[in-house]
Amino acid sequence: MSYENKSLIKTFNIIQALSEKPRSASVLAKHLGMNASTLHRFLANLEGMGFTEKMANQEIRLTHRFIQLGMMAQSHFDVEGLAKPYLRKLVDETNESALLSSFHQWHVTYLDKLESSQTVRIVIEPGDGAPSYTVASGKLFLSELPDVQLESFFAKTTFVSKTANTLTTKQALKAEFAHIRDQGYAIDEEEYEVGLKGFAAPIRDSSGEMVAALSVAGVSIRFDEAKTNETIEIVMRYAAEISKELGWRETR
């Protein structure tokens, strides 16, 4: 038995098309391959319910009701809850510790973690933090800050070398942030602790804003070139999957 509702499908096709950009009725009908009179009936219902409106140039657009719906739907999603199974996948596939972190007042806070079964492993508890410029997730957050906020960070932060690899100058950090933006992920090359290496990828909400970071951390000696590349690919893939569950859609 088929439960396909053609009218419902057409309605959502119209909404999808208008979410891409406003269109006139004639352009919309052509885009969807719909009869003009049929489309008019659907649009009349959508407008009557307050979901679409006609602008002065006669193009039709979605109203703010969709923003309200999106915000209400967004509240149903819990980053920590969504990330939990992916932390398990990261541990299983990399055999290293997996972390979920947030960013507040220039500092990284770890929201959740799963440790690897390795005898020598990274032990971090939820609620622990780290100076943002010393760890992969923190550098990732900093790389996304607008220039004004980034300059405020530099002005208000006292930079301390945690290891010989810690980046502590404005020039070096800005170059690092540009590199992170280009590649889409961050690496901690023993910058927080000698012998520790970390990888982080962004988790984004429906607006594209980075709301958390997904990370893998482990003893640096275990990360040869092959495992490094594999870990980066896995972290980025799972961060993107969590982001999609939060409503993010990549545009290129």
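Reply: Gladly! Buried means under 20% relative accessible area, exposed over 50%, and partly exposed in between (1.4 Å probe, protein chains only). This is a predicted model, where local features need pLDDT of at least 70, side-chain atom pairs count only at pLDDT 80 or more, and totals for chains, interfaces and linings use all residues. Residues are numbered from 1 along each chain as its sequence is written, and side-chain values use heavy atoms, leaving out hydrogens and water.

Me: Why is Phe 199 called buried?

Reply: Its relative accessible area is 2%, and the cut-off is under 20%, so Phe 199 counts as buried.

Me: What makes Phe 159 partly exposed?

Reply: Phe 159 has 22% relative accessibility.

Me: Why is the pair of Phe 199 and Phe 223 called tilted?

Reply: Rings of Phe, Tyr and Trp (its six-membered ring) pair if their centres lie within 6.5 Å; planes under 30 degrees apart are stacked, over 60 edge-to-face, and the rest tilted. Here the centres are 5.0 Å apart and the planes at 55°, so the pair is tilted.

Me: How do you know that the pair of Phe 153 and Phe 159 is edge-to-face?

Reply: The planes of Phe 153 and Phe 159 make 80°, with 5.6 Å centre to centre; edge-to-face needs over 60 degrees.

Me: What makes Lys 227 sit over the ring of Phe 223?

Reply: The rule asks for NZ of Lys or CZ of Arg within 6 Å of the ring centre and within 35 degrees of the ring normal. The charged end of Lys 227 is 5.0 Å from the centre of that ring and sits over it.
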